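Here are some notes to read beside the structure. Keep the model open and find each residue as it comes up.

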Amino acid sequence: MRLFTRMSDAISIAHTSAESSPACRNAERAASLANVTRLLAAQLGARPISVYEAGGGSTSYIPLGGLSVSHITLVDIDPRQVDRNDIANETIVGDLQTIELPAESFDLVICYNVIEHLPRLPQALQRLARVVKPGGLIVIGAPVPLSLNGLAARFTPHRVHVWICKHLLKWPDAGKPGCAPFPVAYHRLVHPGRLQAHMKMFGLQPVYFCAYLGSLIEEIARKNPLLGRLLISAANVASRAAFGRLDLLRGDFHLVLRKL
Ligand SMILES: C[S@@+](CC[C@H](N)C(=O)[O-])C[C@H]1O[C@@H](n2cnc3c(N)ncnc32)[C@H](O)[C@@H]1O
């Protein structure tokens with residue numbers, strides 16, 4: 001069953017039926033990604049579209065299969081990530097905070113798990129807004145700052161992030177050059193409400209928002225069940241103490257914006 005609620009201006013679709021993709025074992029995330037995919041197909045239709053992967057790294061999590069993609073441009077600051085990418089027609093090693101791409105040149109801009117890494121986020125957001133065509137969409141995926149994973153990332157140093165990825169999540173390449181985790185900056189605009197308000201200045205209207213079970217917590221719970229249960233219990237206690245106004249488990253969000 002679907003439950004539609006209002007969160008800021010965008011429609012929030014929470015607790016959708018778990019349509020999980022084989023690549024994603026976080027059912028809430030998979031369900032939200034499925035909603036995003038349907039929305040992209042409905043809004044962009046079958047016409048050929050140009051896509052900009054901003055901070056695209058080595059791969060893309062937004063399924064583009066249902067769209068008629070004519071060209072993908074990928075920009076990333078790390079040349080090793082760019083070399084590994086498996087999706088783009090054109091790659092540029094560049095900084096999202098300074099790069100100048102032609103105005104109104106993309107139908108779809110994707111910026112997934114990147115904004116939390118940008119210390120000069122307003123400059124990057126202004127550039128993303130500038131390059132999307134009128135009627136085009138921007139998809140942003142990012143962590144919720146007031147969540148278990150958001151708080152852990154903001155208030156511990158980078159070497160702790162590397163340790164968590166290496167030892168708790170068992171990522172073999174964690175911390176190696178060009179590999180996750182990447183250093184975080186958590187500008188104040190990495191916040192769903194503030195981000196939506198900021199993007200309105202550029203004529204970008206939110207059309208979809210969903211906060212879902214944080215990927216970090218889901219992965220910890222899968223790989224280290226005891227620690228996962230402890231963290232989830234602690235988050236539930238905090239939520240009850242805050243009379244349900246605090247949800248530390250919904251640690252990541254999807255936001256889709258449409259340019260007027
Ligand atoms: C967590 S990865 C996400 C990659 C990809 N979007 C994904 O979802 O798998 C963050 C990416 O942001 C890139 N990045 C960090 N700062 C950047 C900047 N200032 N300009 C461009 N890319 C940047 C990193 O090199 C890395 O590839």
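1. Start just after helix α8, where Phe 243 has a positive phi of about 55 degrees. Keep in mind throughout that this is a predicted model.

2. Now look at helix α8 itself, which covers residues 225-241.

3. Step back to the whole chain. It contains eight helices and nine strands. The C-alpha trace spans about 50 × 40 × 35 Å along its principal axes. A compact globule of 260 residues would have a radius of gyration near 18 Å, and the chain agrees because its own value is 18 Å.

4. Two percentages describe the packing of the chain. Of its 260 residues, 37% count as buried. Take the contacts between residues at least 6 apart in sequence: 67% of them join residues at least 24 apart.

5. Which residues have the most contacts inside the largest nonpolar core? They are Ala 54, Leu 108, Val 109, Cys 111, Leu 128 and Ile 138, in a core of 57 residues. In soluble globular proteins, nonpolar side chains tend to be buried together.

6. Next, the ligand. There are 20 residues around it, and those that come nearest are Gly 55, Gly 57, Ile 77, Asp 78 and Tyr 112. By class, this shell has nine nonpolar, eight polar and three charged residues.

7. Compare two glutamates in loops. In space, Glu 100 is 24 Å from Gly 178, C-alpha to C-alpha, and the two are 78 residues apart in sequence.

8. The other glutamate, Glu 116, sits in the loop between β6 and α3 (121-131). Glu 116 is buried, because 20 other C-beta atoms lie within 10 Å. Beyond its neighbours within four places in sequence, Glu 116 has contacts that include Ala 142, Pro 143, Val 184 and Tyr 186. Between Glu 116 and Tyr 61 there are 17 Å in space, C-alpha to C-alpha, and 55 residues in sequence.

9. Asn 113 also lies in the loop between β6 and α3. Its phi is near 60 degrees, a positive value in a residue other than glycine. With 17 C-beta neighbours inside 10 Å, Asn 113 counts as partly exposed.

10. Finish with the loop between α5 (158-168) and α6 (192-200), where Pro 181 is found. The peptide bond leading from Ala 180 to Pro 181 is cis, with omega near 0 degrees. Tyr 186 belongs to the loop between α5 and α6 as well, and its phi is positive, near 45 degrees. Tyr 186 is buried, since 20 other C-beta atoms lie within 10 Å.

Note on methods
Residues numbered from 1 in each chain as written. Predicted model: local features only at pLDDT ≥ 70, side-chain atom pairs only at ≥ 80, totals over all residues. Helix = DSSP H or I, 4+ residues; strand = E, 2+ residues; numbered from the N terminus. Rg over C-alpha atoms; globule rule 2.2 N^0.38 Å. Buried ≥ 20, exposed ≤ 12 C-beta atoms within 10 Å, placed from the backbone. Contact = placed C-beta atoms within 7 Å. Near = placed C-beta within 6 Å. Nonpolar A, V, L, I, M, F, W, Y, C, P; charged D, E, K, R; others polar. Expected span 1.5 Å × (residues − 1). Core = buried A, V, L, I, M, F, W, Y, C linked by C-beta atoms within 7 Å.
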